[in-house]
Amino acid sequence: MKKFIALAAAAAAAFAIEAGAADAVTGATMKVNIEGTEMPKNVDAVTSASVVPPKFRQSVKPNGFTKGSKKVRVLFVVGDPRHESVEWDLVNTAMKHFMDKGCEVALRDLYEMKFNPVLTRETFFQAKDGFGKTPEDVAMEQLWVAAADYIVFAYPNWHDTPNPMVKGYMERVFQKKFAYRDTDKGLEGLLKGKSIYTIMNSGWIGRGRGDVGDGIDGNAIWDKYLNAFKVLDDDTAGFWGVKSLGRFCNDQTPANLSKNYGKEIEALRADLVKHLDKKFKYTK
Ligand SMILES: Cc1cc2nc3c(=O)[nH]c(=O)nc-3n(C[C@H](O)[C@H](O)[C@H](O)COP(=O)(O)O)c2cc1C
């Protein structure tokens, strides 16, 4: 223990020197918080993040893809480190609904898998130009994508874009010669017949639940955000040759300590299911 404290102190001191050096170079006067405060033991009770109370949590096991199946296959690519979040509750709700409708569901839980999302110099030209051998972890994910009819990306809104895990998955897995290729007429998407969809829980994106047009009282700010996300989704879909089915976004999350939590989370789940029924076909 003493050794650990000494090491920690040494590390903090080294960081202080680094931070000090950066201070000298940047001219910044702000003091960085290198010592921090104690992590609260009851973090779930005091965090500003969403936490589904234990009695309302659902645990859903995907039924998986089976060889030669004629069922609709839905691949969930999830980037959220906290299984107790509302984002995960939406993922569980959607996975269960697809299974109830007779689909096959597979899950890539990127944090749990410790997926490496970083496109490095060593792997850049392989992803960019298709030169060389596809890295093994990427090749494995490509098999999941190739087998799917629908690919559902799910992540909490961290600065209005796919978070690094999901973005890295897109960069590394949907690479040239797998998701698109060069032709005389320009890029051609190679994943025709598949569709993509996104489930994104948010703090505040104008107040609403669903996609473009689903803002509370038809407010314009919601549509401004959702139309911006639509530009991203449509562009990505065009690149890969897939269809974008849009998004389910929500910024009306029940308060963690709400007395009506059960009713409110059920209403959120029901709204998601209604959207899925509008956008997806459950048989081929
Ligand atoms: C690093 C970080 C960045 C965030 N950026 C945004 C943002 O740009 N817009 C927003 O609406 N919420 C933002 N949020 C808030 C989260 O979207 C919000 O906490 C939401 O509840 C996340 O879903 P979850 O609680 O189900 O994980 C951010 C949260 C974090 C941790």
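Domain bounds in this text come from an automatic or database domain assignment. The structure is a predicted model, in which local features need pLDDT of at least 70 and side-chain atom pairs count only at pLDDT 80 or more, while totals for chains, interfaces and linings use all residues. Residues are numbered from 1 along each chain as its sequence is written.

Figure 1. The assignment divides the protein chain into domain 1 (1-36) and domain 2 (50-279). The centres of domain 1 and domain 2, taken over C-alpha atoms, are 38 Å apart. Along its principal axes, the C-alpha trace of the protein chain spans about 60 × 55 × 40 Å. The protein chain contains nine helices and eight strands; helices (H or I, at least four residues) and strands (E, at least two) are DSSP runs, numbered from the N terminus. Of the 284 residues in the protein chain, 31% count as buried. A residue is buried if 20 or more other C-beta atoms lie within 10 Å of its own, exposed if 12 or fewer, and partly exposed in between, with C-beta atoms placed from the backbone. Two residues are in contact if their C-beta atoms, placed from the backbone, lie within 7 Å. Among contacts between residues at least 6 apart in sequence, 74% join residues at least 24 apart.

Figure 2. Six strands form an open sheet of mixed pairing, in the order S2-S1-S3-S6-S8-S7; two strands pair if DSSP finds at least two bridges between them. Strand S2 (104-109) and strand S7 (209-210) are the edge strands, each pairing on one side only. S7 runs antiparallel to strand S8 (residues 243-250), and two bridges join them. Across this pairing, Gly-210 stands opposite Cys-249 in S8, and Arg-209 has Asn-250 as its bridge partner.

**Figure 3. Strand S6 between its neighbours S3 and S8.** Strand S3 (residues 150-154) pairs with S6 in the parallel sense over five bridges; here Tyr-150 stands opposite Ser-195. On the S8 side, strand S6 (residues 195-201) is joined by six bridges, and these two strands also run parallel. Ser-195 stands opposite Lys-243 in S8, and Ile-199 has Phe-248 as its bridge partner there. In a regular strand the side chains alternate between the two faces of the sheet. In S6, Ser-195, Tyr-197, Ile-199 and Asn-201 lie on one side and Ile-196, Thr-198 and Met-200 on the other, and all are buried. S8 is mostly covered, with six of its eight residues buried.

**Figure 4. The largest nonpolar core around Phe-76 and Val-152.** A nonpolar core is a set of buried Ala, Val, Leu, Ile, Met, Phe, Trp, Tyr and Cys residues joined through C-beta atoms within 7 Å. The largest one has 55 residues, and Phe-76 and Val-152 have the most contacts inside it. Helix H3 (residues 86-100) gives the most to this core, with seven residues. Leaving aside its neighbours within four places in sequence, Val-152 is in contact with Val-74, Leu-75, Phe-76, Ala-94, Tyr-197 and Ile-199.

**Figure 5. The shell around the ligand.** The ligand is surrounded by 17 residues, the closest being Ser-50, Glu-87, Pro-156, Asn-201 and Gly-203; a residue is near a molecule if its C-beta atom, placed from the backbone, lies within 6 Å of it. By class, this shell has six nonpolar, eight polar and three charged residues. Ala, Val, Leu, Ile, Met, Phe, Trp, Tyr, Cys and Pro count as nonpolar, Asp, Glu, Lys and Arg as charged, and the others, Gly among them, as polar.

**Figure 6. Two loop residues with positive phi.** Most residues other than glycine have a negative phi. Lys-177, in the loop between helix H7 (164-173) and strand S4 (180-183), has a positive phi near 80 degrees. Lys-177 counts as partly exposed because it has 14 C-beta neighbours inside 10 Å. Asp-217 is found in the loop between S7 and helix H8 (220-240), and its phi is positive, at about 60 degrees. With 7 other C-beta atoms within 10 Å, Asp-217 is exposed.

**Figure 7. Glu-171 in helix H7.** Glu-171 is found in helix H7 and is partly exposed, with 18 other C-beta atoms within 10 Å. Leaving aside its neighbours within four places in sequence, Glu-171 is in contact with Leu-119 and Ala-127. Glu-171 and Pro-117 are 54 residues apart in sequence and 8.0 Å apart in space, C-alpha to C-alpha.
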